[in-house]
Structure formats: C-alpha cells, structure tokens
Amino acid sequence: MKIRRIENLSELPCVSEVPLGGILSNVGNSAQYRTGSWRTQRPIFKADICTNCLLCWINCPDGSIAVAEGKVTGIDEMHCKGCGICAYVCPTKPTKAMSMEQGGEY
Amino acid sequence: MVKEQVKGTVVGVTGDGAAADAMRQIDPDVVAAYPITPQTEIVERFAEYVADGKVNTELVAVESEHSALSACCGASAAGARVMTCTASQGLALMHEMLYIASGNRLPIIMPMVNRTISAPINIHGDHSDSMGSRDASWIQLYCRDAQEVYDTTIQAVRVAEDQRVMLPVMVCLDGFMVSHDMEWVEMLPDEEVKQFIGPMRPVINLLDKDNPISIGALALPPVFFEHKVSMIRALEGAKSVIKEVADEYGALTGRQYGLVEPYLMDDAEVAIVVMSSAAGTTRTVVDVLRDQGVKAGVLRIRSFRPFPKDEVVQALRGVRAVAVMDRASSPGAVAAPIFSEVASAMYGEEARPKLVNYVFGLGGRDLPMEQVASVYERLQNVVSTGEVGPVLTYLGLRDG
Ligand code: SF4
Ligand code: SF4
C-alpha cells in the first residue's frame, strides 16, 4: 500500500500571501486537484468488449473517461473518484466492458 | 487634499430617516432588503426614493433577510456598491450570510437597528441582536444619535471599500430610542457626499470578463487558517482607516468621531463605559455630578468591532473605579460582552481601575437618570471603601 503524500506546509501560502477573500484568479485550476486520491475502488476497462456506446463517458460526473475519435481509450486516474457510475451504466452482457475492482491507488 | 468646511442643511428627521437619506445620497447600485420593525422606515423611505427616481439603485424586494444578504453578496461580488439594512430577528436570519459576506471580503454597508431577540417577543431596543454577530468579522459602529447615524452611514462606505479593509460594515442604532426619535440633523449637500465617498472601484468583480475569477472556493485545513487570520488582520487594520475617514469627514463637516468618544475623562476618578444612545443620558448625569464636584466621566465606545483596546486603556488609565454598562447579556458568562472586552483590555495594566458590570435596558427598558446616578454613587463607594462587591449586577430589575 502506498502512503498518501503529506503536503509540505511551508510551500503553502502564509497569512500575507493568501488571496483576498479566497478568490481564485487562476480559473479552471480544478484540473490540478487530485480527486483520484479519494478513490477506494477503481474502474477496469476492457477495450475488447467495449461497444463504444459512450454511456460511461456521458454519465461520468468527473469527465474521467478518456475518449479519442469516438472511442473509449481508458480512465483519467488522477481525477476518477471511483464512484462506479461508469460500471453501473455499462450495458455489455454477460461481461461488462467497465467494471469496478477494489483498490484505489494510482 | 484639505477641504473647506461645508455648510449643511438642517432637517428634522428620525434615526431611520437619517439612514435612508444617507442611502439616497450614497445612491448605491443595489439594495436588497426586507422590512422589519424598527428598521421598516429605512426600507419604506428608500423604496420611495427609488419609485420617485431620486436614486439609480436596483432595489431587490426579497422574501427574507437570508435572501436579502444573499442577493447583496452576489451583487457585491459582481462589483456593485451594495447596501441593505435590518434589525433583530432579521439579523439572526442573515447570520449564515454574514460570514459569507466578510469571508469573501465583500464591502456591504448595513444600517442595523438594534432590537432585542425573541422570545418572549418584543420589538424594542437592546443590543442582543448585534452582539450575537460580534464574531462575524463585520465592522460594528454604534451611533449615539440620528446625526451620527447619518454621518456614520456615509463614512462606512469609505471604510468598507478601502482596499486595506474590504470588509462589510454594520452601522448600529438603538431601536425606537434613535430609530423613531425625531431629531435635528445636519445633512451635507448631495454633491459633497458623492465626492466624499467617490465612485465605486471594485476590487472583486465577477463581471470583469478580461480578468476572470472564481469566488467561494473550498479552503481545506492546509489553507483555511491563514485565510481566517488574514481577515482578522484586516479587521484590526480597519481601526486606522475608521479614524482616517472620520478625520477627513470631521474636516468637512466639523463633526468629529473616533473609535471612542471620551467625555470629561481627562481627570475622571469614576467613569462609565457604555455604547449608543445611553451615552447621551450618561453625559447629562455627568454634567450634574460635575456641578456637585464629582470627578465623573463617560467613555462611549463607537467601534465595538474592531475593539479599540489602546484607546480604552488610555482613557481608563488613572480612573479609580469604572462601571461597564451593557445593553445585552451573555447568559452563563462571567459578565456581559463589553465588560469582557474592557476587562481583557485592562488586564495587562499595573494600575488598573476597579471594574464592575451592569446589564441594563433589556427589551428596550428605559434608563432613567437616577439609575445612572446610582451607578456613579456605587463607584464613589468603591473608591472610598475599596470594596467592589458583585461584578455583575442588573440595573433597573425587579430582583427578588
Ligand atoms: S468510477 Fe466514477 S469517476 Fe471514475 S470513471 Fe467511472 S464514472 Fe467516472
Ligand atoms: S459504457 Fe461500457 S460499452 Fe459503453 S463505452 Fe463505456 S465501457 Fe464501452
């Protein structure tokens, strides 16, 4: 098991450095936030079964299904929170092209 | 820039009317407010100014005070000059949003008519409403009369919007005692007020599409503490800005205000510390006592947040016995809110006065001169006997 990285507090802003009212001027910075560290389960993608219906892509609340040229190519593990919605909506039978497995590390 | 003193127009107006007229002259971009006794006249009168085209304000008639301050936060974040006003239960309903306004550093200005908090229900004046919000990081200025309400409302715009401050301001006036009392008030010409406050130069502006920002982001344990302390420092720093603005206003009008208002404190042996309209009554008693040779004084606290520690220490240094009079209680505490502040401020002083605390006037009960005189009498006894007695007592209570 990997141990979660501890923030180096001295690298964070001190009292005189925090922005007024907590305003963010580098908008769109949520991409830098590792929501993937919240995960306890991870999606496993099987490209050979996938029909590229893109139901997982449209339902993923974090935009973490990677798609190129209309085809699912994998998972953005830095942002996937492991909610399992992609696996829930995946329609392939009898084996799901997207399924959940224990373990969240990446 | 030193300006010549300006002659104003004298009108007869209530404290609420004075606040509404100051708001007309300020002509804020947005006002979102909900009427509540004894603040109603402010909203009514201001709504008339909007209907008559005397202001350019967008008046948002909301369904509650929570919504009023929410709308104000949104408008202020969009770079507008924003005002609201409330009292009592209305302030209580705003409570959640008070912290959003200050935490996001939105310079909203709010006349706040002090009225007790239910239950039992009562519409009259005491400070239990704003004392409940004392830790919301709002600047709280308490006014003695309608003139000061007018003057302070105008000054509050400059204080709130000052880039060193960027915090919301409550201008507190006593319900009915000031809000509904018709008084002699000198008002500046509209143009002078406009010049004094200057145009709104928003620091926080969500509508500035060239400089996009995000407001209200999450601040987790690694950064929240630093954000909070930066706000605390700004509130502390507001002391010098309140004084600066008051001095500039004083030069313009001849009416001088500070963080505190000492009255005959220089040689005082016994003194009362008090806020708001009760300071007027107390001053009258002091005049009588002075005629009798008693060295009595009054220290009125005008800025409760930020609390003027240095000014209080300086004024009370050398005084032998002091009664702090609170128009609010802090149930279960050692004493009432102003006393706790004064006692903390004086604790480090070697030669500190003997301190006692009186809670008075809850639910708007009157403060007659005889009661004030009885407090000074006790203080003289404390000085002559050295016996202090109970720290906290209730003035004018049928105790039994
Ligand atoms: S588990 Fe949830 S967050 Fe992760 S890819 Fe699937 S739907 Fe998106
Ligand atoms: S829902 Fe299943 S089949 Fe459809 S694209 Fe996603 S992984 Fe492939």
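Buried area is the accessible area (1.4 Å probe) that two parts lose on being put together, summed over both. The views below show a predicted model, in which local features need pLDDT of at least 70, side-chain atom pairs count only at pLDDT 80 or more, and totals for chains, interfaces and linings use all residues. Residues are numbered from 1 along each chain as its sequence is written, chains are lettered from A and ligands numbered from 1 in the order in which they are written, and side-chain values use heavy atoms, with hydrogens and water left out.

**View 1. The interface of domain 1 and domain 2 of chain B.** Chain B is assigned domain 1 (2-253) and domain 2 (261-394); such bounds come from an automatic or database domain assignment. The centres of the two domains, taken over C-alpha atoms, are 28 Å apart. Between them the domains of chain B bury about 2200 Å², of which 52% is on carbon and sulfur atoms. Contact (heavy atoms within 4.5 Å) involves 29 residues of domain 1 and 27 residues of domain 2.

**View 2. Polar and charged pairs between the domains of chain B.** A salt bridge is a side-chain nitrogen of Lys or Arg within 4 Å of a carboxyl oxygen of Asp or Glu, and 5 salt bridges are found across this interface of domain 1 and domain 2 of chain B. A polar contact is a pair of N or O atoms within 3.5 Å; within protein, one must be able to donate a hydrogen and the other to accept it, and residues adjacent in sequence count only if both atoms are side-chain atoms. By this rule, 18 residue pairs (both at pLDDT 80 or more) are in polar contact between domain 1 and domain 2 of chain B. On the side of domain 1 that touches domain 2, helix 5 (128-131), strand 7 (139-142), helix 6 (146-161) and helix 8 (221-253) of chain B each supply at least two residues. Helices (H or I, at least four residues) and strands (E, at least two) are DSSP runs, numbered from the N terminus. Helix 8 of chain B gives the largest share of that side, 6 residues. By class, the side has 11 nonpolar, 9 polar and 9 charged residues, where Ala, Val, Leu, Ile, Met, Phe, Trp, Tyr, Cys and Pro count as nonpolar, Asp, Glu, Lys and Arg as charged, and the others, Gly among them, as polar.

**View 3. Surroundings of Glu261(B).** Glu261(B) is part of strand 10 (residues 260-263) of chain B. Its side chain and that of Arg144(B) are joined by a polar contact of 3.2 Å. Not counting residues up to four places away in sequence, Glu261(B) touches Arg144(B), Arg283(B), Val298(B), Leu299(B) and Arg300(B).

**View 4. The interface of chain A and chain B.** Here 15 residues of chain A are in contact with 19 residues of chain B. The two chains bury about 1400 Å² between them, with 76% of it on carbon and sulfur atoms. Val15(A), Leu20(A) and Ile23(A) supply 38% of the area that chain A buries against chain B, more than any other three residues. The side of chain A that touches chain B comprises 12 nonpolar, 3 polar and no charged residues.

**View 5. The shells around ligand 1 and ligand 2.** A residue is near a molecule if one of its heavy atoms lies within 4 Å of it. Residues around ligand 1 include Cys60(A), Cys80(A), Lys81(A), Cys83(A) and Cys86(A). The shell of ligand 1 divides into 9 nonpolar, 2 polar and 1 charged residues. Around ligand 2 there are 13 residues, of which Cys50(A), Cys53(A), Leu54(A), Cys56(A) and Cys90(A) come nearest. The shell of ligand 2 holds 10 nonpolar, 3 polar and no charged residues.

**View 6. A salt bridge within chain A.** The side chains of Glu77(A) and Arg42(A) form a salt bridge (2.7 Å, N to O). This pair links distant parts of the chain, 35 residues apart: Glu77(A) is in the loop between strand 3 (71-75) and helix 2 (85-89) of chain A, and Arg42(A) is in strand 1 of chain A.
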